[in-house]
Amino acid sequence: MLLKNEHLNIGTLVSDPNFPDDGVGMIVRVDPHGNAHHPYECNDDIYRVHSFVSGHGVWLDKDYIENECTLVYSTGKTCY
């Protein structure tokens with residue numbers, strides 16, 4: 001369980017047990033403030049995850065990644 005002001009590092013591998021066909025995804029970008037993809041609004045989508053199966057990236061919610069997904073490999077965590 002991560003604290004509110006901590007996030008997983010780039011390079012962490014995650015998988016979603018609810019969608020096993022999606023395979024493993026890698027965190028390729030972290031935006032602790034949640035405004036990298038929407039510069040004028042803040043939200044909880046702080047993790048940019050690249051899917052190795054689809055080849056696409058998607059922004060995902062902090063709570064979803066940290067609590068719903070399975071950590072396959074962790075490169076650690078960082079405070080912000």
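The structure is a predicted model, in which local features need pLDDT of at least 70 and side-chain atom pairs count only at pLDDT 80 or more, while totals for chains, interfaces and linings use all residues. Residues are numbered from 1 along each chain as its sequence is written, and side-chain values use heavy atoms, with hydrogens and water left out.

Secondary structure is taken from DSSP runs, numbered from the N terminus, with helices (H or I) of at least four residues and strands (E) of at least two; two strands are treated as paired if DSSP finds at least two bridges between them. On this basis, β3 and β4 run antiparallel and are joined by five bridges, with Met26 having His50 in β4 as its bridge partner. Strand β4 is also joined by five bridges to strand β5 (residues 57–61), again in an antiparallel arrangement, and here Arg48 stands opposite Trp59 in β5. The hairpin of β4 and β5 has five residues between the strands, and within this hairpin Gly55 takes a positive phi near 80°.

Ser51 belongs to strand β4, which spans residues 45–51. With a relative accessibility of 17%, Ser51 counts as buried, where buried denotes under 20% relative accessible area, exposed over 50%, and partly exposed in between (1.4 Å probe, protein chains only). The Ser51 side chain makes polar contacts (pairs of N or O atoms within 3.5 Å; within protein, one must be able to donate a hydrogen and the other to accept it, and residues adjacent in sequence count only if both atoms are side-chain atoms). One of these reaches the backbone nitrogen of Val53 at 3.3 Å, and another reaches the backbone nitrogen of Ser54, also at 3.3 Å. When neighbours within four places in sequence are left aside, Ser51 is in contact (heavy atoms within 4.5 Å) with Asp22, Val24, Gly25 and His56.

A search of the whole structure finds two salt bridges, each defined as a side-chain nitrogen of Lys or Arg within 4 Å of a carboxyl oxygen of Asp or Glu. In one, the side chains of Lys77 and Glu6 meet at 3.7 Å, N to O; Lys77 lies in strand β7 (residues 77–79) and Glu6 in strand β1 (residues 6–8), so the pair ties together parts that are 71 residues apart in sequence. Glu6 is buried, at a relative accessible area of 8%. In the other, the side chains of Lys62 and Glu66 meet at 2.8 Å, N to O, and because these residues are four apart in helix α1 (residues 62–68), about one helical turn separates them. Lys62 is likewise buried, at 15% relative accessibility.

The segment before β1 contains Leu2, which counts as buried at 19% relative accessibility. Apart from neighbours within four places in sequence, Leu2 is in contact with His7, Leu8, Tyr47, Glu66 and Lys77. The C-alpha atoms of Leu2 and Thr70, 68 residues apart along the chain, are separated by 14 Å.

The whole-structure search finds zero disulfides, a disulfide being a pair of cysteine sulfur atoms within 2.5 Å. Cys69 is buried, at 12% relative accessibility, whereas Cys79 is exposed, at 53%.
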